[in-house]
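Open the model in your viewer and keep the selection tool ready. Each stop says what to select next and what is there.

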Amino acid sequence: MMYSLFDGIFPIIFILILAVVIFNFAKGVGTWHKNNNSPRLSVSAKIVAKRQNTTHHNHPNAGDASGAHGYHTTSSTTYYVTFQVESGDRMELAVTGSEYGMLAEGDEGKLTFQGTRYLAFDRENG
């Protein structure tokens, strides 16, 4: 009985996981396409917030699929900056780590972006 239950559930779980992967891929391609077709805009903006999101992943040590000999951890960090434009609207854009380090809350200047894609921030002198 257990064997037949597994035979019935495994294909369903596999199809669900495959559907999620395909959906996320299509969503990413759609965002990329939308950004490419959006105009490049440069607007006056102020940096009002910064945040980072760090995720950690545990992996079994090399050659040990069971994890019996321990795990190693990798992490990745995504950096975000929130800009407020003259109209009062705010937008949060992902930036590289080096850009994140160069930007400070309160900075004012020209934000250049395309859709949801951050391109540059030129700080005003003063």
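A salt bridge here is a side-chain nitrogen of Lys or Arg within 4 Å of a carboxyl oxygen of Asp or Glu. This is a predicted model: local features need pLDDT of at least 70, side-chain atom pairs count only at pLDDT 80 or more, and totals for chains, interfaces and linings use all residues. Residues are numbered from 1 along each chain as its sequence is written, and side-chain values use heavy atoms, with hydrogens and water left out.

**Stop 1: the salt bridges**

How many salt bridges does the rule give? The count comes to two. Side chains of opposite charge can pair when their charged atoms come close.

Select Asp107 and Arg123. They form a salt bridge, with the closest N and O atoms 2.9 Å apart. Asp107 sits in the loop between helix H2 (97-102) and strand S4 (108-114), and Arg123 in strand S5 (residues 117-123), so the pair ties together parts that are 16 residues apart in sequence. Helices (H or I, at least four residues) and strands (E, at least two) are DSSP runs, numbered from the N terminus.

Is Asp107 buried or exposed? Asp107 is buried, at 13% relative accessibility. Arg123 is partly exposed, at 43%. Buried means under 20% relative accessible area, exposed over 50%, and partly exposed in between (1.4 Å probe, protein chains only).

Now select Arg51 and Glu92. Their side chains meet in a salt bridge at 2.7 Å, N to O. Arg51 belongs to strand S1 (residues 40-60) and Glu92 to strand S3 (residues 90-95), so this pair ties together parts that are 41 residues apart in sequence. Arg51 is partly exposed, with a relative accessible area of 37%. Glu92 is partly exposed too, with 38%.

**Stop 2: around Asp107**

Go back to Asp107. Its side chain reaches the backbone nitrogen of Ala104 at 3.0 Å. That is a polar contact: a pair of N or O atoms within 3.5 Å, where within protein one must be able to donate a hydrogen and the other to accept it, and residues adjacent in sequence count only if both atoms are side-chain atoms.

Next, show the contacts (heavy atoms within 4.5 Å). Leaving aside neighbours within four places in sequence, Asp107 is in contact with Ala45, Lys46, Ile47, Met102, Phe121 and Arg123.

**Stop 3: the core**

Select Val81, Phe83, Leu103, Leu111, Tyr118 and Phe121. These have the most contacts inside the largest nonpolar core, which has 13 residues. Such a core is a set of buried Ala, Val, Leu, Ile, Met, Phe, Trp, Tyr and Cys residues joined through side-chain atoms within 4.5 Å. S1, strand S2 (71-85), S3, S4 and S5 each supply at least two residues of this core. Which strand gives the most? S2 does, with three residues.

Centre on Phe83. Among the residues that Phe83 touches, not counting those up to four places away in sequence, are Val48, Asp89, Leu93, Leu111 and Tyr118.

Move to Thr82, in strand S2. Thr82 is buried, at 13% relative accessibility. With residues up to four places away in sequence left out, Thr82 touches Lys46, Ile47, Val48, Ala49, Arg90, Met91 and Glu92.

**Stop 4: helix H1**

Select Lys27, in helix H1. Lys27 is exposed, at 52% relative accessibility. The C-alpha atoms of Lys27 and Arg51 are separated by 24 Å, and the two are 24 residues apart along the chain.

Finish at Ile22, in helix H1 (residues 2-37).
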